[in-house]
Amino acid sequence: MENKTCFHCGDDCGNHPITYKEKSFCCNGCKTVFEIFNENDLTCYYDLQNSPGAVPKEIEGKYDFLSQDNIIEKLTEFRSDSIEIATLYIPHIHCSSCIWVLENLKKLDTNISDSQVNFGKKTVRVTYNSEATSLKAVVLLLSTIGYEPYISLDDFKSGEKHINRTLIYKLGVAAFGFGNIMFLSFPEYFEVNEFWLEQYKPMFRWLMFAMSLPIVFYSAQDYFISAYKGLKAKLLNIDVPIALGVTVLFVRSTIEITFDIGSGFFDSLAGLIFFLLTGKFFQQKTYQFLSFERDYKSYFPIAITKIDKDGNENSIQVYDIEKGDRILIRNEELIPVDGILINGKAKIDYSFVTGESQAISKQSGDKLFAGGKQTSGVIEMEAIKSVEQSYLTQLWSNDVFNKNKEEGFTNITNTISKHFTVSIITIAIIATTFWLFVDPSKAMNVFTAVLIIACPCAIALSAPFTFGNMLRLFGKQKFYVKNASVIEQLAQINTVIFDKTGTITSNKQSNAEYDGDILSESENLVLKNSLRGSNHPLSRTLYNILQENNIITLDAFEEHIGQGIEVKHEAVNMKIGSASFVGNPNSNSVLNTTVHVSSNNVYKGKFTFYNSYRKGVSKLFNQLKQHFDLVILSGDNAGEQDNLKKLLPAKTKLIFNQKPEDKLDFIKYHQSEGAKVLMIGDGLNDAGALAQSDVGIAISEDVNVFSPACDAILDASRFKQLYTFIMASKSAIKIIKWSFVLSFFYNVIGLYFAVTGQLEPVVAAILMPLSSISIVVFTTIATNILGKKIPSIANTTRHPNKV
Amino acid sequence: MSVIYILLSVSVVVGVTFFVIFIVAVRSGQYDDDYTPSVRMLFEDELVKEKTDTSKQTKTD
């Protein structure tokens with residue numbers, strides 16, 4: 001029989017689906033959510049989208065900290081006696097059903113008066129009556145319907161976030177002025193000496209002047225500031241000729257209308273600034289739902305349960321944890337500080353930190369490091385450091401996290417601008433000198449005309465539009481780039497450094513190889529069935545790898561914690577576990593993770609676990625080796641060295657046992673020798689290396705949930721396309737160079753008019769927008785053609801984003 | 001006085017009015033989220049349908 005998929009979440013229901021109202025569910029959690037929606041007339045949720053839900057998670061006691069007043073204060077944006085407003089981040093928001101159900105929260109709880117979703121940011125803004133309900137109740141309600149909010153230490157600091165809308169205002173002012181000035185200057189384009197036109201000419205001109213004032217002094221102010229800064233640092237950036245052009249345009253136009261020489265160039269001036277700001281606006285658009293600035297704070301909880309001397313449990317803020325405090329970590333909670341395990345069964349998943357998915361068992365008295373996630377039951381630990389001084393978190397005190405990567409990087413536009421500015425000024429001076437001898441009355445006219453027509457609007461637009469479009473195209477392929485300058489830097493790299501665990505290995509599965517005497521059929525049967533009963537992570541992995549067998553009932557089953565399992569079935573007595581437990585005489589493999597097996601006290605052999613590498617790793621490395629130096633920088637021991645050597649091209653450098661700081665220093669050293677480094681990593685332990693590298697890419701299985709601070713986030717399923725992305729960035733640079741050629745062509749035509757002293761306002765008003773628009777069209781078409789060349793892989797994710 | 005002054009002042013006033021409306025719209029946060037409202041708009045039919053449903057129920061009760 002074919003397995004049914006869950007009506008609520010779309011997962012496979014397995015052999016025993018729960019049926020309710022003729023619908024199948026994979027678990028009771030999903031069924032409960034359906035019941036809630038059914039009772040409250042919210043089943044529309046399932047009409048809008050098939051299986052939109054998520055399985056609600058165990059949340060017992062997890063949100064107790066939300067009843068503390070000082071924490072509510074930080075999380076809410078508005079608080080009065082009866083009303084509170086809070087914005088909560090919910091990673092699961094992915095489709096229209098989500099928007100619908102979250103905006104109908106008031107049907108589930110009448111104390112919620114309003115809820116509004118921001119799909120792009122994946123947040124919901126809830127307004128509720130704080131006398132009748134509480135933030136904790138709202139969060140619990142959201143969790144029970146499968147929309148668990150993500151509350152981290154980051155929310156605690158930020159408070160109200162300020163949204164910067166200045167660019168939209170500036171663009172609006174420029175657009176308003178541009179449109180109106182165009183209308184007002186239109187009659188004069190035809191230059192008919194008509195009586196009424198002559199009569200009202202001064203008024204039209206002064207109106208244009210008035211409208212150009214806010215454009216020059218408000219909309220264009222960034223260009224003046226940037227040009228000033230550039231000159232101060234002895235750099236001729238692209239804003240220098242722009243600022244020069246704008247100044248000359250404004251001053252010359254004002255003089256012309258004051259002395260009634262001509263109509264001025266106010267239309268070109270407004271158009272120029274409007275186009276430039278459009279380019280800026282286009283470049284600024286980025287992925288709202290992703291954060292590229294995350295540090296450990298985004299993952300750490302706000303509060304933790306502390307056990308005081310009398311054994312009472314209190315919620316305390318994570319920053320208040322002191323050395324010697326006893327804290328309680330529940331299942332699925334993150335350890336916020338370094339400490340020592342006091343009691344409880346600890347199975348710590350350090351995948352946030354290292355990318356290693358295998359949970360590690362710890363005994364009482366063992367040291368626990370901050371950043372691990374407890375995965376089985378409740379444990380008690382004693383803090384030995386404060387949050388900021390823990391092994392992992394102190395990495396963030398390194399200077400590299402305060403450095404802005406864009407500084408100190410000369411982008412392609414500014415490189416060309418240096419030559420451009422110098423040659424334009426030279427041409428202006430030569431032409432002026434020439435006219436001083438021929439016709440001195442025209443000299444000033446020619447000088448200003450050259451500076452006006454050469455104003456590099458088209459050059460300044462090439463890069464923003466090309467990179468802006470590339471950013472969008474990469475995003476479609478699940479490669480999310482932080483900003484345009486990253487694409488440019490990506491095109492220049494010559495060294496690629498990979499982290500191992502979680503980056504080139506997949507943390508979803510691992511392989512095991514059996515080495516030893518062949519097991520009989522009955523032994524295999526017992527082995528599989530005994531693993532079935534064990535909850536140890538290695539047992540679970542091995543269970544999934546071994547082939548299917550019948551289910552049998554074991555006669556005896558005993559699990560020795562930290563050692564292994566002992567089982568009995570008919571004639572077979574089996575021991576599975578560590579070397580010493582099963583009695584392996586010569587245990588020499590120290591580097592790899594192994595599980596040993598013995599049957600009736602005879603040692604049989606061992607399963608050695610290997611990382612399973614992502615598909616296409618070998619091919620990717622072979623593509624990359626032709627152009628780049630390749631390095632693997634791993635925090636693990638050298639156990640995988642032989643395997644990696646087989647898999648990867650011979651010239652790949654393999655370096656093991658690297659601490660987070662070592663990775664950072666390694667990159668710094670190579671940069672000082674002239675390498676342009678691309679670092680690809682995944683865990684928080686790579687954060688330093690990602691920040692130090694020229695381009696840091698984080699690989700992520702789920703882009704919404706986890707990634708350290710980086711320049712770009714690559715969806716793990718697109719890992720093998722990395723080479724294509726680098727090559728596409730290089731092609732983008734080529735497109736920009738071609739559009740520079742195109743804009744020089746326009747400049748030559750313009751300069752002809754300017755140098756010969758025939759630059760009429762109407763010529764400028766046609767030529768300047770024409771060059772800008774054709775550059776925009778050229779770059780857009782060229783990048784789209786380039787984007788088609790990036791092969792797309794069929795979408796395999798369960799919930800395709802509907803954006 | 002020529003009619004052109006009236007025409008000009010009217011056109012400038014209209015232009016400025018739209019500009020002010022734009023600024024107010026930006027300030028109120030309308031441009032912060034440009035996706036959700038497009039979806040929300042489509043839900044209004046659903047909501048109306050449900051309201052009539054519940055009203056019918058109360059009548060029969």
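This report walks through the sheets, helices, cores and chain contact of a predicted model.

## Ground rules

Residues are numbered from 1 along each chain as its sequence is written, and chains are lettered from A, with ligands numbered from 1, in the order in which they are written. The model is predicted: local features need pLDDT of at least 70, side-chain atom pairs count only at pLDDT 80 or more, and totals for chains, interfaces and linings use all residues.

Helices (H or I, at least four residues) and strands (E, at least two) are DSSP runs, numbered from the N terminus. Two strands pair if DSSP finds at least two bridges between them. Angles run from 0 to 180 degrees between N-to-C directions, with axes fitted to C-alpha atoms, for helices over the stretch in contact.

## The seven-strand sheet

Chain A holds an open sheet of seven strands. Its order is E16-E28-E27-E26-E17-E24-E25, and its pairing is mixed. Strand E16 (479-481) and strand E25 (653-655) of chain A are the edge strands, each pairing on one side only. On average, neighbouring strands are turned by 20° against each other, direction ignored.

Inside this sheet, strand E17 (residues 495-499) and strand E26 (residues 677-681) of chain A run parallel, joined by four bridges. Phe498(A) has Ile680(A) in E26(A) as its bridge partner. Helix H23 (residues 660-672) of chain A lies across E17, strand E24 (629-633) and E26 of chain A. H23(A) runs at about 165° to E26(A).

## The four-strand sheet

Another open sheet of chain A has four strands, in the order E3-E4-E6-E5, with antiparallel pairing. Strand E3 (76-79) and E5 of chain A each have a single partner strand, so one side of each is left without a neighbour in the sheet. From one strand to the next, the twist averages 10°.

Seven bridges link strand E4 (residues 83-89) and strand E6 (residues 123-129) of chain A in the antiparallel sense. Here Thr87(A) stands opposite Arg125(A) in E6(A). Helix H4 of chain A packs on the sheet and touches E5 and E6 of chain A. The direction of H4(A) makes about 160° with that of E5(A).

## A hairpin and a loop

Strand E7 (residues 303-307) and strand E8 (residues 313-317) of chain A run antiparallel, joined by five bridges. Thr305(A) has Ser315(A) in E8(A) as its bridge partner. The two strands form a hairpin with five residues between them. In the turn, Gly311(A) has a positive phi of about 85°.

Most residues other than glycine have a negative phi. Asn600(A) has a positive value, near 45°, and Asn601(A) has one of about 65°. Asn600(A) lies in the loop between strand E22 (594-599) and strand E23 (602-613) of chain A. Asn601(A) has its place in the loop between E22 and E23 of chain A too. A residue is buried if 20 or more other C-beta atoms, placed from the backbone, lie within 10 Å of its own, exposed if 12 or fewer, and partly exposed in between. Asn600(A) has 11 C-beta neighbours inside 10 Å, so it counts as exposed. Asn601(A) has 10 and therefore counts as exposed.

Helix H11 (residues 239-258) of chain A has 20 residues and reaches 28 Å from its first C-alpha to its last. That is close to the 28 Å expected at 1.5 Å a residue, where the expected span is 1.5 Å times one less than the number of residues. Because 14 of its 20 residues are buried, H11(A) is largely enclosed by the rest of the structure. Asp260(A) follows H11(A) with a positive phi, near 55°.

Helix H15 (residues 457-476) of chain A has 20 residues and reaches 29 Å, close to the 28 Å expected. H15(A) is mostly covered, with 16 of its 20 residues buried. Just after H15(A), Lys478(A) takes a positive phi of about 65°.

## Nonpolar cores

A nonpolar core is a set of buried Ala, Val, Leu, Ile, Met, Phe, Trp, Tyr and Cys residues joined through C-beta atoms within 7 Å. The largest has 189 residues. Among those touching the most other members are Leu269(A), Val450(A) and Leu678(A). A second, separate core of 14 residues includes Ala512(A) and Val582(A).

## Where the chains meet

Two residues are in contact if their C-beta atoms, placed from the backbone, lie within 7 Å. By that test, 19 residues of chain A are in contact with 16 residues of chain B. Helix H4 (96-103), strand E5 (112-118) and helix H8 (166-189) of chain A each give two or more residues to this side of chain A. H8(A) gives the largest share, five residues.

Chain B has two helices and zero strands. Of its 61 residues, 0% count as buried.
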